[in-house]
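Open the model in your viewer and keep the sequence panel beside it. The stops below say what to select and what to look for.

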Amino acid sequence: MSDDLDDLKAAMRAPAPDAETRATHLALAQKNFDRLQESGAQVRPSSNRPRSGLWTGVRQMLTTLTSRGGLTATTAIVAVALVTLTPIRDMVLPPVGPVLTPAPAPVEDLAEAEMAVQQDRPAQGMDNMARPQLAKRAAQPMSGAVATPMAAPTITPPMPRRDITLPEADSERFANAPGNPVHITAETPVSTFSIDVDTASYAVVRNALLNGALPEPDMVRIEEMVNYFPYDYAAPDGDAPFRPTVSVSPTPWNAGTQLVQIGIQGALPAVADRPPLNLVFLIDTSGSMDQPGKLPLLKQSFALMLGQLRDRDQVAIVTYAGSAGQVLEPTPASERATILAALNRLDAGGSTAGQAGLQQAYATAAAMAEEGEVSRVILATDGDFNVGLSDPAALKAFIAEQRDSGTYLSVLGFGRGNLDDAAMQALAQNGNGQAAYIDTLAEAQKVLVDQLTGALFAIADDVKIQVEFNPAVIAEYRLIGYETRALRREDFNNDAVDAGEIGAGHAVTALYEVTPVGSAAQLSDSLRYGAAPVGGTADELGFLRLRYKVPGGDKSVLIEQAIPAGAAQSEAGFAAAIAGFGQLLRGGTYLGDWGYGDAIALANAHKGADAYGYRGEAVQLMRLAQSLAAR
Amino acid sequence: MARVTGYEMRMDTGDESLARAAAAGDGRAFAVLLERRYDGLFGLAFRLTGSRAEAEDLTQDICAALPSKIARFDGRARFTTWLYRVAVNAAHDRRRRAASHARAAQGWGGWEIARRAADTETAEQVDWLIAAMAALPEDLRDTLALVLDDMPHREAAEVLGISEGTVSWRIFEAKKRLKTIRMQEDQA
């Protein structure tokens, strides 16, 4: 009998730890240790700006994650300010910095606190800024926005810190932020954000609904849902890369407000003239990709895309799993059989080592690049992308540097389960690329065939939008969506601040719900001791400013345009229906009794020609959501 | 070249005094201590999880959280005992998370279940003993993982917060079950 134990002992002799992993782990521990020691001294003013880059993405992961279950203790507010580093959820840091008083916080802050605590991402990505930011939010009893419609957190008396039990988390991460609040024009007349051409959120929402579950509110990024659909905006004239179209219509869900719809249509250069493309497919072949919805779908999707390429285009394939490797050297797209054979040989197995693969993919792209050509790395993963294991700041700098040298990065998500939506988004934003989520071959068709040109050829970089509302006409306004894309007012003119790109033929839509002065729908009361009535003419609703850079350029160009009051009154359209749908899914508080039925009616009324059937599908999804919500 | 302090010079400095120094904020002490104990920690993680990838993830979790945990090291237990308790708890935590993940997945269709099944298959490709160990109930398995690390029953008992007698019983029980598994396999 004792032999058994000896056998077992021999069998269970642990392999020596991998030297590199060991070094990474030790460095991680040390970094956390040092940060913990310093954290008291590092309280910085909050930047309420979740923008450019990986840091941001990681920070968003930390501050705004999918919530499940209930929050158990008010002391979590304190814990959030201090915890955030621990991947193991019932370990809570002892207080090392100044301790915040857990003042009774508004519900949305608790919800946010919960989200922050719930993440299980290793700590090294933590930006110290997140702490003061949370602390600040906790202290501000503001914002009419409610983050999630979950059960109100129970408030229990403070407990000893060590006894706080934190809720369970899964390994999916979604980047989101609490809904934008209503702003009072007289106080903050200017709204600034980066455009966003991602559509991943819509596909994730669709996947959830088709699987018979309402999506979690944090999966829903309204601007990505709205931007999923093509709209009939006027195309730009002449050499302009894009053209803004502004229209005003009654808000479907509120008789006392109006919707300002800003549409930006990118030019579609003659496709025949497009420069040759160098594409490097960076494919995740880790073990978790071995499922029908992942690697096989990925192979089919890329095969579809091959049909769109020209003979002068080149394709290379790099995989990452365990160790990175080039499985197809740069090959002209005309040799389709060779490329398809390489694709079909791909096989899932091993663990993920994203960063090494990324470096190799960029090196391959650099080797392929010639004057006048466009290079892009297309990362395809199920989200198991180890951005966090190495130094995220270095990775961010690396991607940004590659972007500046002309190689862009797009990210395609496949499958569900450990989809690291936040990291994907952060990577794509940093690489000036698009993040899309592919769950069906039809979606692959949309992203990789129908919209291939837009996805691969940027026509304008760092596109920022700034709207100044006229307080003489507009009392209050609210930007619908774009929560994760907000910019600070001063960032608009700062060319060093990164923003989104617009691809050839892309359209981007932003919606504001505005309350005219004197409307019964005004939420805030005017101040008794406020400033004297503001000057300014009453014939403009506001002023629209756009900044963009020519791809590869570093100086931005400004486009300005007044939004005339009363002009361009149109009927609320399909975009409004989708924005309303998104807000319903997020549990928005501004809709009154407007519900799924109204969204369906509105969407049906504005289906238009719907050549690709996207809008019809959206109506089906609304109907599904209606039934699921009624359960 | 890193600043050389007394810790490198005196490698005989005990774990416990290093840990207390680390608890008080001494980064060098922490580094020396973790460097010294990392391999053992990884070994335990491997035995607790049965696969290299899982063990690496678990070790990473522990390393990331250790700085905050160690501030609470009070020197009442041996450092390795304390560390292994942290590791066992972290392993429980991961399993709980995996379980809740699987539960959450049920509403989402079969993909997650398929993924977990695939993971299980991978695990089965390693030595049957590891697979058989994975089939043991958690408490038996954790106990075995510790004892296989040449840890005396008394100390394993301390790590797990159970009596020495219980450890001995669990080892006996685990061996019995492993034998049964082997017999079933031989007959099959």
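**Stop 1: a helix pair in chain A**

Select helix α9 (residues 295-306) and helix α10 (residues 336-345) of chain A. Their axes come within 10 Å and cross at roughly 170 degrees. An angle over 145 degrees counts as roughly antiparallel, and α9(A) and α10(A) are therefore roughly antiparallel to each other. Bear in mind that this is a predicted model.

Now show side chains. Which residues of α9(A) meet α10(A)? From α9(A) they are Lys299(A), Phe302(A), Ala303(A) and Leu306(A). Facing them in α10(A) are Arg336(A), Ile339(A), Leu340(A), Leu343(A) and Asn344(A).

**Stop 2: the whole of chain A**

Zoom out and colour chain A by secondary structure. It has 18 helices and 16 strands. Of its 631 residues, 55% count as buried. Take the contacts in chain A between residues at least 6 apart in sequence: 83% of them join residues at least 24 apart.

**Stop 3: a five-stranded sheet**

Select β1, β12, β14, β4 and β3 of chain A. These 5 strands form an open sheet in the order β1-β12-β14-β4-β3, with antiparallel pairing.

Strand β4 (residues 254-266) of chain A runs antiparallel to β3(A), and 10 bridges join the two. To find one of the pairings, pick Pro250(A): its bridge partner in β4(A) is Gln258(A).

**Stop 4: the largest nonpolar core**

Switch to side chains and look at the largest nonpolar core, which has 127 residues. Which members touch the most others? Select Phe281(A), Leu282(A), Ile502(A), Ile578(A) and Met622(A). Helix α16 (residues 574-586) of chain A gives this core its largest share, 9 residues. The core also draws at least three residues from each of domain 2 (183-269 + 459-521 + 536-630) and domain 3 (271-438) of chain A.

Centre on Ile578(A). Setting aside neighbours within four places in sequence, Ile578(A) is in contact with Met225(A), Val226(A), Phe229(A) and Ala618(A).

A second, separate core has 52 residues. Leu48(B), Ile62(B), Leu140(B) and Val147(B) are among them. Keep those four marked for the visit to chain B.

**Stop 5: a hairpin**

Go to strand β15 (residues 540-549) and strand β16 (residues 556-564) of chain A. They run antiparallel and are joined by 9 bridges. Leu544(A) stands opposite Gln561(A) in β16(A). How many residues lie between the two strands of this hairpin? There are 6 residues between β15(A) and β16(A). In the turn, select Gly552(A), which has a positive phi of about 90 degrees.

**Stop 6**

Select Asp462(A). Its phi is positive, about 45 degrees, although it is not a glycine. Asp462(A) lies in strand β11 (residues 458-469) of chain A. Is Asp462(A) buried or exposed? It is buried, with 23 other C-beta atoms within 10 Å.

Next, select Asp610(A). Its phi is near 50 degrees, again a positive value in a residue other than glycine. Asp610(A) sits in the loop between α17 (596-605) and α18 (614-630) of chain A. Asp610(A) is partly exposed, with 16 other C-beta atoms within 10 Å.

**Stop 6: chain B**

Move to chain B. It has 10 helices and 0 strands. Of its 188 residues, 38% count as buried. Among contacts in chain B between residues at least 6 apart in sequence, 59% join residues at least 24 apart.

Finish at Gly50(B). This residue lies in the loop between α3 (27-49) and α4 (52-70) of chain B. Gly50(B) has 21 C-beta neighbours inside 10 Å, so it counts as buried. Now draw a distance from Gly50(B) to Ala132(B). The two are 82 residues apart in sequence and 10.0 Å apart in space, C-alpha to C-alpha.

Note on methods:
Residues numbered from 1 in each chain as written. Chains lettered and ligands numbered in written order. Predicted model: local features only at pLDDT ≥ 70, side-chain atom pairs only at ≥ 80, totals over all residues. Pairing = 2+ DSSP bridges. Helix = DSSP H or I, 4+ residues; strand = E, 2+ residues; numbered from the N terminus. Buried ≥ 20, exposed ≤ 12 C-beta atoms within 10 Å, placed from the backbone. Contact = placed C-beta atoms within 7 Å. Core = buried A, V, L, I, M, F, W, Y, C linked by C-beta atoms within 7 Å. Domains from an automatic or database assignment. Axes fitted to C-alpha atoms, helices over the stretch in contact; angles between N-to-C directions. Parallel < 35°, antiparallel > 145°, perpendicular 65-115°, else oblique.
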